[in-house]
Amino acid sequence: MRQAIATVKKTKEIQEKYKVFTKKSFGQNFIIEPGIVEKIANAAIQSRDELVFEIGPGIGALTQFLCEKSNQVVAFEIDERLPVVLENEIGFDHLQIVLEDILKVDIDEKIREFRKPGQKVVFASNLPYYITTPIIMHILENSIHAESITVMMQKEVADRIKASPGNKTYGAISAAVQYYCEVEQVISVPKEVFVPRPKVDSAVLKLTIRKETPVDLIDEKAFFACIKAGFGQRRKTLLNSLTGTYGLSKDEIRTILEKAGIDPVRRAETLDMNEFADIANGVASAKQTI
Ligand code: SAM
């Protein structure tokens, strides 16, 4: 590998050479600590044969290490100033850059385009913080063929994603991500390792996509509607927050909750995945009989 990009000196040098000063509107906070990017790459990639999709390569701090560990890296970047920097500075010919907004990318189509038969697909990123949750959900909802997503995000968002029921940070994003993935924290990252320095610390999570869903559902949409409604009004009791959600009356919701053995005065933040599933399945059955 050439000299590491993830240092203060090299980052400044590249920024001045190409006039690519960070843009806040793109959530650009570049990493200036090679040890951190190496840990992200090590956690993300298990074998050289894996196809790595990176989101937001920036000037290549993490990209360099991903290219070192894998034979095929595809990096999605929104900022049109950056592909030329990456092409000149990275120096690996197995890096492909796609200049597109990741939220508009059809992920499964890109997997079909780049993947060789039998190849595993993993995601890695130091995410743009202004769209952390939309990107994670976009990947989870559209990439049934991926293995894992290893991503840096604000510590507070990581805490929410990995929270358990009953915890005050447990919310819709915890339940939704944990439905799709096993969640593990790789490292905590202090704010000092970025330029510009953000106000808060970060953490890296590895989300390993489950091969099988953790609960049996009659209708996945009813499950997500239940999570959304329950946490949309998290101060309300389940009976009140779910009433009307599925076009069902208060009495019908009460019957569903009672049949599932769930006290109607409980709140969504106390429900585990099985209980959300029991409610969703109760709703799906009730709707079938209406
Ligand atoms: N990977 C680099 C690093 O670690 O130093 C940069 C990380 S920076 C936090 C986020 C990167 O995501 C920036 O390069 C930014 O331009 C890019 N980005 C922001 N929004 C994006 C989007 N919608 N699609 C693709 N890339 C995006």
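**View 1. Contacts across the whole chain.** Residues 24 or more positions apart account for 67% of the contacts in the protein chain with a separation of 6 or more. Please keep in mind that this is a predicted model. The C-alpha trace spans about 65 × 45 × 30 Å along its principal axes. Its secondary structure comprises 12 helices and nine strands. Of the 290 residues in the protein chain, 51% are buried.

View 2. Charged side chains number 39 positive and 40 negative. The centres of these two sets lie 5 Å apart.

**View 3. The largest nonpolar core, with Phe276 and Ile279.** This core holds 64 residues, and the members that touch the most others are Phe276 and Ile279. What does Ile279 touch, once residues up to four places away in sequence are set aside? Its partners are Cys226, Leu238, Leu242, Ile256, Leu257, Ile262 and Leu271.

**View 4. Phe53 and Phe123, an aromatic pair.** The protein chain has 10 aromatic pairs, and this close-up shows one of them, Phe53 with Phe123. Their ring centres lie 5.5 Å apart and their planes meet at 85 degrees; planes over 60 degrees apart count as edge-to-face, so this pair is edge-to-face. Phe53 sits in strand β2 (residues 51-55) and Phe123 in strand β5 (residues 121-126), so the pair links parts of the chain 70 residues apart. Are these two residues buried or exposed? Phe53 has a relative accessible area of 1% and is buried, and Phe123 is likewise buried, at 1% relative accessibility. Phe53 and Phe123 also belong to one aromatic cluster together with Phe76 and Phe114.

**View 5. Tyr179 and Phe223, a tilted pair.** The ring centres of Tyr179 and Phe223 are 4.9 Å apart, and because their planes are at 45 degrees, the pair counts as tilted. Which helices does this pair connect? Tyr179 belongs to helix α8 (residues 172-180) and Phe223 to helix α9 (residues 220-232). The two residues are 44 residues apart, and the pair links distant parts of the chain. Both Tyr179 and Phe223 are buried.

Methods: Residues numbered from 1 in each chain as written. Predicted model: local features only at pLDDT ≥ 70, side-chain atom pairs only at ≥ 80, totals over all residues. Heavy atoms only, no water. Helix = DSSP H or I, 4+ residues; strand = E, 2+ residues; numbered from the N terminus. Buried < 20%, exposed > 50% of the residue type's maximum accessible area, 1.4 Å probe, protein only. Contact = heavy atoms within 4.5 Å. Lys, Arg positive; Asp, Glu negative; His and termini not counted. Charge placed at Lys NZ, Arg CZ, Asp CG, Glu CD. Core = buried A, V, L, I, M, F, W, Y, C linked by side-chain atoms within 4.5 Å. Phe/Tyr/Trp six-rings, centres within 6.5 Å; stacked < 30°, edge-to-face > 60°.
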